[in-house]
Structure formats: C-alpha cells, structure tokens
Amino acid sequence: MTHVASTPALSTELETTAGRCLGWLRRLRAFGLLAVFGGTWQIVSTMVLDASTATLLPPPSAVVKGAWELIETGELFRHLRDSLKRELIAFGFAALAVPLGIAMGWSKSVNEQFDILIEVLRPIPPLAWIPLSILWFGIGDTQNQFIIFLGMFFPILLNTVAGVKNIEPNLIHAARCLGASEFRILWRVVLRASLPSIVTGVRVGLGVGWMALVAAELVGANSGLGFLINDARTVLRTDYVIVGMITIGVVGLLIDRGVRLLGAWMMPWSRVMSQ
Amino acid sequence: MSVIRAIGVGKVFPGHSAADPPVRALKDVNFTVPDKEFCSLLGHSGCGKTTLLSILAGFEAPSEGRLLLDDRPIGKPGWERTMIFQDYALFPWQTVADNISFGLEMRNVKSTERRRIVEEHIALVGLKGFEKRYPHQLSGGMRQRVSIARALAVNPHVLLMDEPFAALDAQNRALMQKEMVRIWDHARKTCVLVTHSIEEAIALSDRILVMTKRPGTIKADIRVELPRPRSEDDPQVLALRRQVRDLIQDEAAVEV
C-alpha cells in the first residue's frame, strides 16, 4: 500500500520541481535581448574598435571592473547617499503639494487664485531654473534640492487636484447624509478617495525629481551621482561614467517600484495600485 | 413622528447663456408622506423625481415652495435623512463593517455601542461572515445590502432611495425587492423611493405618486392597500399595474 501511495506523490513532487525549473527558465527568457545586447557591446568594444576609440566605449567587462573599484573605495555609495538625501529632503518640501492640491480641488476660490500662477510656472522646465538658482543658493545642496523640488512639485500637485476633482460626487453626498462635518469629509473621504491619484503623482514626481537631480548635480554640486559622471568625464574615465549612469537608472527604477509596492500595501482596495 | 410635507415645491436650474436657457425641473409639487409610510415617486426619466429626492436630502434647495419634515423646513443634509444610491456610493477603502460604522462614528457613538449596532445591522441585511470584505469583493446585490445597512445604522427618521435596484440584474432585483420588504418590516421608517419601475413601486409601497414629464408635478396619488409580500400574479396587483401603466403611458404619449 505504502509504495503505491508514494508513487503518485513522488511524481507530483518531480512535476513541481520540473515546473519550477521551467518557471525559472521562462523568467530568464526576459533577459535574452539584454544578453545579446551586452555580448554585442563586448565584442564591438574589444575587437572592432581600435584602442583610442574603445576608451570612449569601454566594454561591459571594464564597466564591471570600474563598478567594483567604485564600490570598494566606497565612492559610489557616498555619491548615491548624497543624491538620495537631496531627493528625500526635496520630497519633504514637495509634499506640501498634497494639501495645496486638495484645497485647490475642493474650493473654487482657492483654485481661482492659484490656477493662473501654476499654469504659467508649470511649463518652465526645472532645468531652466538652474542659472537663477545658482545665483540664489550658490553651488551645493540647497540649489540641488530646489531644482528637484520644482521637478516633483507640479506632478504631485496636478495629480492631487485631478484626484479630488474626480471623486464620485455620491461619495460626498453619502458622507453628508451620514452626518459628516466639512472637516471630516475632507479628512475621511476626500483625502482617502484621492489617495490613489496622489500616490501616482508621487511616483511621477519622484521620477521627474530624480532626473532633475542629476541635471542639477552636473552643474552645481561637489558630490552626487550627477557630479560623479561629470567629474569622471573630465578625466576620461568613461567606465565610471557608465557605472554612474547605470546606478541612476537602477535606483530610479527601485524608487518607482518601492512607491508602487507601498501604495499597493496601503490601499489593498485600489485597482490602480495593483496594476 | 416623521411626516414629510411638500407645499408648492418648484425647482428651476439657472441657465448660463442663450443657448443654455434655464430648465424648470419641478412645478407646484404638493404631497404629504405620513409617519412610517413607504411612498414611491414613479415617473419617466427626466421627470424631476431625482431632483425632488435631492431636495428632500438637502443636496439642493427648492426654488419655490416649502418642504417640511415635522413642520420644520428641510435644510442641510444630515443623519435624520439618509440615502441609498443607485451606484451604492460605498467607501471603497473601508470594509463592510467600517462602511456601516461610518455614520455612527460621525455621530460620535461609543465604540462598544458602535460594534453592537454594526453587528445587528449586518445580521439584518444578511451579510454575516462578510464583515471584513471590501466593497470591490462583493456582488452588486451585496453592495446594496451594505448600503442599506449603512443608511439604517444611524437610525434616521427618513430613508430616501434613488433607484436602488436599477443597476442589478432581473433576478437580483426581484430578490432585493423582497429583502427590502422584509428589512422595512423590521426597521419601519418613513420611506421615499424614486423608481421608474411600476413593478417595484407596487411591490414595496403603501402609496405611489405618479409624476408628469418635465416640469414634474404629481399627477396621481394611488394607495396600495394589499398585504405584503405581494405576488405578481395576484389579480389585484395585475389590475393595479394596468391602472398605473395607463397613467404612465399617457405621459409618454404627451411627448409625441
């Protein structure tokens, strides 16, 4: 009896192991193009280009070596830490866009006052503020944070306003019927109903801010990932430049994923977040 | 006591330009709903019945006339007049229990008392075991049960319903109408139901107010004195249905 029973159990176990292997293979398949791209790059850099041109496009193997050097000396971590710190402080200020956005979405008279001002300021790219901000704040953290703040502020604001304006009117009606005061409607209904839109705004804002950060650091900083790649350029360390660029890309991706996961965890009821 | 009285109520929505002239939605509406009576406002879409309900809830003010609850003019929305919406209007970020608890929190009811009332209403609408679900995890009929429980939990004087079962499929609609009869039997309130379904009005009401096309006014006031639950095949129900249908069809003919 026992060995009869164990046979199907064994085969199921084999099946699940096989299934798991297939699953891993399938996941690896997503990296196919990336592998081809890396391989071609390696071949072109080492075999096709001559030595002087290859300095401009170091092969992936050299980039990995450069990355290891930067990690070992702690330099990469130091620049990354400075950049993240700026992003975080700027976000602290840019978060003010949430209460302002709720006020603008909720009250016609507040909207009337702010709308024109914001519509004029919004199309000015954060980078256009760099010259003036260097004169105002000099080179360093404050100037960088100001540029990042500008990049984050408008996406968060506009998404918050849109979130408030798109609230199902009957939700407000229902809350009123159930005896909610104006303050409690804002706190308990408006804020929560527009939260998915606010989190979307934060995602976009952090992304734009991250891009603006690097631009700001290119011209007005003594540290940070933007500074790292620009500084490496002046000494022709193209491998460091590429390491810096890849770090910017990967960290930007991780920030976005992190906010999305946080949103999905905070709002299990929202379809926007689970996408 | 919760008596609703409408005296010469009219409503005109202001226009914004010559191409968008003012619209008169209601004209000289007069009726009385006695305490604990179930009253239906029946009419074609666009007859102003939902506007009338919005005025009753306090979302809109009448342009003319007076609308009284126990001889006091109806003002801002409040817990004494709760509403059940066609689209349920549940708070998607709250569980079933928290949705039902919302109005009680707004009234600052103590948490132990709140829990007791929520439990009682979950049992009343037949949602035991679903307390921790979110609205998006429920079917349309179940969502409307939550909405009914939420509206009743604050113990309002008047229950307003805006086509509450119109979004449900035929079977669920019939089931929910039966359930509404049962629930109303347990929690007697003065009720005003807005509907365009003759069957629904007959199944639920003590009284049907048939409205004319825009501008809406009360055309007929029909008492339904049949014992509940009412069978669709009952000859008296059939006769009543014919009578109401003729009244409604006259209105459709006016347009042509």
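What radius of gyration does chain A have, and what would a compact globule of 275 residues have? Chain A has 25 Å, whereas such a globule would be near 19 Å, the radius being taken over C-alpha atoms and the globule rule being 2.2 Å times the number of residues to the power 0.38. This is a predicted model, in which local features need pLDDT of at least 70, side-chain atom pairs count only at pLDDT 80 or more, and totals for chains, interfaces and linings use all residues; side-chain values use heavy atoms, with hydrogens and water left out. Residues are numbered from 1 along each chain as its sequence is written, while chains are lettered from A and ligands numbered from 1 in the order in which they are written.

**Chain A as a whole**

Along the principal axes, its C-alpha atoms fill a box of roughly 80 × 70 × 30 Å. Of its 275 residues, 39% count as buried, where buried means under 20% relative accessible area, exposed over 50%, and partly exposed in between (1.4 Å probe, protein chains only). Among contacts (heavy atoms within 4.5 Å) in chain A with a separation of 6 or more, 70% are between residues 24 or more positions apart.

**A nonpolar patch on chain A**

Next select Leu22(A), Leu25(A), Leu28(A), Phe31(A), Leu34(A) and Phe37(A), which make a nonpolar surface patch of about 670 Å². Such patches are made of residues with over 30% relative accessible area and no salt bridge, like charges being joined within 9 Å and nonpolar side chains (Val, Leu, Ile, Met, Phe, Trp, Tyr) within 5 Å; a salt bridge is a side-chain nitrogen of Lys or Arg within 4 Å of a carboxyl oxygen of Asp or Glu. The areas come from the Shrake-Rupley method with a 1.4 Å probe, and for residues only the protein chains shown count as cover. Helices H1 (2-29) and H2 (32-48) of chain A each supply at least two residues, and the largest share, three residues, comes from H1(A). Phe31(A) sits in the loop between H1 and H2 of chain A and is partly exposed, with a relative accessible area of 48%.

**A glycine in a loop**

Move to Gly224(A), in the loop between helix H12 (195-220) and helix H13 (225-234) of chain A. Is Gly224(A) buried or exposed? Gly224(A) counts as buried, at 0% relative accessibility. Leaving aside residues up to four places away in sequence, Gly224(A) touches His79(A), Asp82(A), Ser83(A), Arg86(A) and Glu217(A).

**Into chain B**

Select residues 170-186 of chain B, which form helix H5. The buried residues of H5(B) include Met176(B), Met180(B) and Trp184(B), and the elements against which its buried residues pack include strand S3 (38-42) and helix H3 (111-124) of chain B.

**Backbone details in chain B**

Most residues other than glycine have a negative phi, and most peptide bonds are trans. Asp70(B), however, has a phi near 50°, and Asp71(B) a positive phi of about 65°. Finish at the cis peptide bond that joins Arg228(B) and Pro229(B), where omega is about -10°.

Definitions and conventions: Helix = DSSP H or I, 4+ residues; strand = E, 2+ residues; numbered from the N terminus. Expected span 1.5 Å × (residues − 1).
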